[in-house]
Amino acid sequence: AQEAYKIIEKKNFDLILLDLLMPEISGFDFAKTIKNDPKTSKIPIIVVSALSDEKSIKDIRDMGIEEYFEKPVVLTSLVQKIDSILLR
């Protein structure tokens with residue numbers, strides 16, 4: 001996650017695909033940092049994760065995450081959502 005922060009600060013990204021279960025920093029904390037930083041807050045985030053409990057999904061929505069996909073993901077649905085977001 002620390003390396004990803006450094007990269008995101010240096011380059012412009014159209015979209016972030018994020019897992020919630022990451023070493024050192026949770027995907028929740030990573031997403032909060034991205035969404036709370038004025039330089040990166042507009043980058044859409046799609047979460048792809050094995051976490052599917054109601055609280056996790058509510059927390060994701062409350063953070064302003066654009067979409068959530070539960071693993072294993074249906075690739076065609078994920079690609080359609082990515083296309084939809086990038087074509088806005």
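Two strands count as paired if DSSP finds at least two bridges between them. Helices (H or I, at least four residues) and strands (E, at least two) are themselves DSSP runs, numbered from the N terminus. With those words in hand, let us walk through the model above.

This is a predicted model, in which local features need pLDDT of at least 70, side-chain atom pairs count only at pLDDT 80 or more, and totals for chains, interfaces and linings use all residues. Residues are numbered from 1 along each chain as its sequence is written, and side-chain values use heavy atoms, with hydrogens and water left out.

**The sheet**

Start with the open sheet, where 3 strands lie in the order β1-β2-β3 with parallel pairing. The edges belong to β1 (16–18) and β3 (67–70), each with a single partner strand, so one side of each has no neighbour in the sheet. From one strand to the next, the twist averages 20°; here axes are lines fitted to C-alpha atoms, for helices over the stretch in contact, and angles run from 0 to 180 degrees between N-to-C directions.

How are the strands joined? Between β1 and β2 (residues 45–49) there are 3 bridges, while β2 and β3 pair over 4 bridges. On the β3 side, Ser-49 stands opposite Glu-70.

Strand β2 is mostly covered, with 5 of its 5 residues buried. Buried means under 20% relative accessible area, exposed means over 50%, and partly exposed lies in between (1.4 Å probe, protein chains only). Ile-45, Val-47 and Ser-49 point one way from β2, and Ile-46 and Val-48 point the other way.

**Helices on the sheet**

Touching, or contact, means heavy atoms within 4.5 Å.

| α2 (residues 27–36) | β1 and β2 | about 155° with β1 |

Which residues of α2 are buried? They are Gly-27, Phe-28, Phe-30, Ala-31, Ile-34 and Lys-35. These residues cover an arc of only 160° around the axis, which puts them on the same side of α2; the arc is that of the directions from the helix axis to the C-beta atoms. An α-helix has 3.6 residues a turn, so residues three or four places apart point the same way. The buried residues of α2 pack against α1 (2–10), β1, β2 and α3 (54–62).

Leu-20 sits in the loop between β1 and α2. Is Leu-20 buried or exposed? At 4% relative accessibility, Leu-20 counts as buried. Leaving aside neighbours within four places in sequence, its contacts include Phe-28, Val-47 and Leu-51.

Ser-56 is found in helix α3. With 8% relative accessibility, Ser-56 counts as buried. Not counting residues up to four places away in sequence, Ser-56 touches Phe-28 and Leu-51.
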